[in-house]
Amino acid sequence: MKFWRISSFGVDKLEMAERPDPQPGPGEVLIAVKAVSLNYRDLMVVEGRYNPKMELPRIPCSDGAGEVLAIGEGVSSVKVGDRVAGIFMQNWIDGKPAAAKQKGALGGDVDGMLAEKVILHEPGVVKVPDHLTWEEASTLPCAGVTAWNAVVRTGQIRSCDTVVIQGTGGVSIFALQFARLAGARVIGTSSSEEKLAKAKDLGLDAGFNYRKNPEWAKWVMQETNGVGADLVVEVGGAGTFGQSLKAVRTGGTVAQIGVLSQTSEPVPIGPILMSQIRVQGIYVGSRADFEEMNAAIALHRLQPHIHEVFPFKNAPGAFQAMAGGSHFGKLVIAL
Ligand SMILES: NC(=O)c1ccc[n+]([C@@H]2O[C@H](COP(=O)([O-])OP(=O)(O)OC[C@H]3O[C@@H](n4cnc5c(N)ncnc54)[C@H](OP(=O)(O)O)[C@@H]3O)[C@@H](O)[C@H]2O)c1
């Protein structure tokens, strides 16, 4: 079977390799991968920015979906032919996060999904909703579960709430879709008017160009009659955190997810305590979160938004597209 690996860091150094098909041992599942989706994190991994000390070689990518080809002794929750995806952290099954549960992230701590066949242990796979294509199903494990965790588990968003999304990448578009499912008002920022228009087609109520004016918190205040948003889905990182604190209401939540921008400004502690803001770090979610999200996706026949699909042989092209940043929603590699 063929797979892509990182032997040294850099998108141009990704190499395709081949080895004999793996066989599942007791408690293991062999999956024929049909599609893999990219997260910004996968680009950071390949470029050596995520963990410069990562052991190499490593198969990249956390997110993939495929068909069960064979099961090892004792496997009972899936059978040959089932449509499944791997869970991001192979050891976080349910309950609160813990250091031990956070070990075993695919395409980081252990080999990932950018391979024709992969072996995962039984608790590390979930069935995916029937109505999704392989490409759509591949977008769920990281971007989907992270947005679900931010909006539903942490944010507990209701129809009377206002949610702010930042940009129009994978996590943000899922957050828009989940917040709309909950009936919330969703407003958001982007560097592009064209992307804001597309986001409005998916239910965004109002948009603001952060490139034209980086002081978008004032706009959020105007949009919320001076109250502030109930939840900011924070993917911008250090460079947007100050604006997020200004944009959230007293007692509101900043779901801290991303690391897309930097700043030399100090962390503004004052507003966090004076406005009693809850700043909650989000690191994807558990298998239980994934299954709960899948139930909602199936119930509402929600469809993840895919920007472009690349063939397996041009996987580096997908990473280059992610680095270029012109995508809206998800970039996918089909096998
Ligand atoms: N903590 C976790 O568990 C977790 C999970 C998934 C992702 N993440 C992190 O979340 C971030 C987003 O990941 P992703 O996979 O969704 O990335 P992505 O698909 O590449 O989306 C990135 C988008 O963010 C927007 N953006 C970039 N810089 C921005 C800024 N300064 N302010 C506002 N928006 C900005 C851009 O949207 P426009 O083109 O519309 O401007 C860009 O297209 C990354 O930092 C990633 O590492 C964390």
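**Entry 1: α1 and α10.** I began with helix α1 (residues 40–47) and helix α10 (residues 315–324), whose axes are 10 Å apart and pack at an angle of about 110°. That makes α1 roughly perpendicular to α10. I noted that Y40, L43 and V46 of α1 meet F319, M322 and A323 of α10. By class, this contact has six nonpolar, no polar and no charged residues.

**Basis.** The model is predicted, so I note that local features need pLDDT of at least 70 and side-chain atom pairs count only at pLDDT 80 or more, while totals for chains, interfaces and linings use all residues. Residues are numbered from 1 along each chain as its sequence is written.

**Terms.** Helices (H or I, at least four residues) and strands (E, at least two) are DSSP runs, numbered from the N terminus. Axes are lines fitted to C-alpha atoms, for helices over the stretch in contact, with angles from 0 to 180 degrees between N-to-C directions. Under 35 degrees counts as roughly parallel, over 145 as roughly antiparallel, 65 to 115 as roughly perpendicular and the rest as oblique. Contact means C-beta atoms, placed from the backbone, within 7 Å. Nonpolar covers Ala, Val, Leu, Ile, Met, Phe, Trp, Tyr, Cys and Pro; charged covers Asp, Glu, Lys and Arg; the others, Gly among them, are polar.

**Entry 2: domains.** I found the protein divided into domain 1 (2–139 + 304–334) and domain 2 (144–281), with bounds from an automatic or database domain assignment. Their centres, taken over C-alpha atoms, are separated by 28 Å. Nine residues of domain 1 are in contact with 10 residues of domain 2. The side of domain 1 that touches domain 2 has four nonpolar, four polar and one charged residues.

**Entry 3: ligand.** Where does the shell around the ligand lie? Both domain 1 and domain 2 give residues to the shell, so it lies between them. Of the 33 residues around the ligand, I listed G167, G169, S190, S191 and G258 as those that come nearest; a residue is near if its C-beta atom, placed from the backbone, lies within 6 Å. At least two residues of the shell come from each of α1, α3 (140–154), α4 (170–181), β9 (185–190) and α7. By class, the shell has 13 nonpolar, 18 polar and two charged residues.

**Entry 4: α3 and α4.** The axes of α3 and α4 come within 8 Å and cross at roughly 50°. That makes α3 oblique to α4. The residues that meet include A143, W148 and V151 in α3 and V171, F174 and F178 in α4. I counted this contact by class as 11 nonpolar, three polar and no charged residues.

**Entry 5: α6 and α7.** I looked up helix α6 (residues 216–223) and helix α7 (residues 238–247), whose axes come within 8 Å and cross at roughly 20°. The two are therefore roughly parallel to each other. W216, A217 and V220 of α6 make the contact with Q243, K246 and A247 of α7. The residues divide into four nonpolar, one polar and one charged.

**Entry 6: backbone.** Most residues other than glycine have a negative phi, and most peptide bonds are trans. The peptide bond from L56 to P57 is cis, with omega near 0°, and P57 lies in the loop between α1 and β4 (63–71). N225 is not a glycine but has a positive phi of about 50°. I placed N225 in the loop between α6 and β11 (229–234).

Terms used: Two residues are in contact if their C-beta atoms, placed from the backbone, lie within 7 Å.
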